[in-house]
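Have the 3D view open as you read.

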Amino acid sequence: QVQLVESGGGLVQAGGSLRLSCVALGRGFSINAMGWYRQAPGQQRELIASITSGGSTNYADSVKGRFIISRDNAKDTVYLQMNSLKPEDTAVYYCNAAITHWGVRGSGYWGQGTQVTVSS
């Protein structure tokens with residue numbers, strides 16, 4: 001099996017920065033697209049940033065210009081650099097990956113979630 005393990009969440013003041021990491025662990029897999037989602041209390045989970053295997057990126061309007069998604073294919077890791085954080089960025093952040101595992105492609109790979117809290 002393949003697991004996604006996230007790290008890097010925490011408490012930060014408005015205007016500050018955090019960097020989230022998500023590493024894929026397992027054997028016999030290759031990673032296709034990766035993305036970061038977030039879910040605030042009482043709200044639906046939303047896609048905020050994605051990156052293809054070739055490095056093309058896409059962002060939700062709410063984070064465009066403040067967040068940067070990147071990946072290190074050699075380390076099977078995706079990052080989310082979050083700058084100029086706002087209280088409305090407070091949420092649980094999840095990474096997601098489309099993975100081909102022993103030749104079978106699937107997109108339902110999720111990290112466990114990491115809490116990001118931005119104080120005003």
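Predicted model: local features only at pLDDT ≥ 70, side-chain atom pairs only at ≥ 80, totals over all residues.

Strand 7 and strand 8 (residues 77–82) run antiparallel, and six bridges join them.

Now zoom out a bit. These two strands belong to an open sheet of four, arranged in the order 1-3-8-7 with antiparallel pairing. Which strands stand at the edges? They are strand 1 (3–7) and strand 7 (67–72). Each has a single partner strand, so one of its sides is left without a neighbour in the sheet. On average, and ignoring direction, neighbouring strands here are turned by 15° against each other.

Next up, the aromatic rings. A pair of aromatic rings is described by how far apart the centres are and by the angle between the planes. How many aromatic pairs are there? The count comes to two, and here they are:

| Pair | Distance of centres | Angle of planes |
|---|---|---|
| Tyr37 and Trp110 | 4.8 Å | 65° |
| Tyr94 and Trp110 | 6.5 Å | 85° |

With planes at 65°, and over 60 being the cut-off, the pair of Tyr37 and Trp110 is edge-to-face. The planes of Tyr94 and Trp110 stand at 85°, so that pair is edge-to-face as well. Through these ring pairs, Tyr37, Tyr94 and Trp110 are linked into a cluster.

Where do the rings sit along the chain? Tyr37 is in strand 4 (residues 29–39) and Trp110 in strand 10 (residues 104–110), so their pair ties together parts that are 73 residues apart in sequence. Tyr94 belongs to strand 9 (residues 91–101), so its pair with Trp110 in strand 10 ties together parts 16 residues apart in sequence.

Is Tyr94 buried or exposed? It's buried, with a relative accessible area of 14%, and the cut-off for that is under 20%. Trp110, on the other hand, has 34% relative accessibility, so it counts as partly exposed.

Key: Residues numbered from 1 in each chain as written. Heavy atoms only, no water. Pairing = 2+ DSSP bridges. Axes fitted to C-alpha atoms, helices over the stretch in contact; angles between N-to-C directions. Phe/Tyr/Trp six-rings, centres within 6.5 Å; stacked < 30°, edge-to-face > 60°. Buried < 20%, exposed > 50% of the residue type's maximum accessible area, 1.4 Å probe, protein only.
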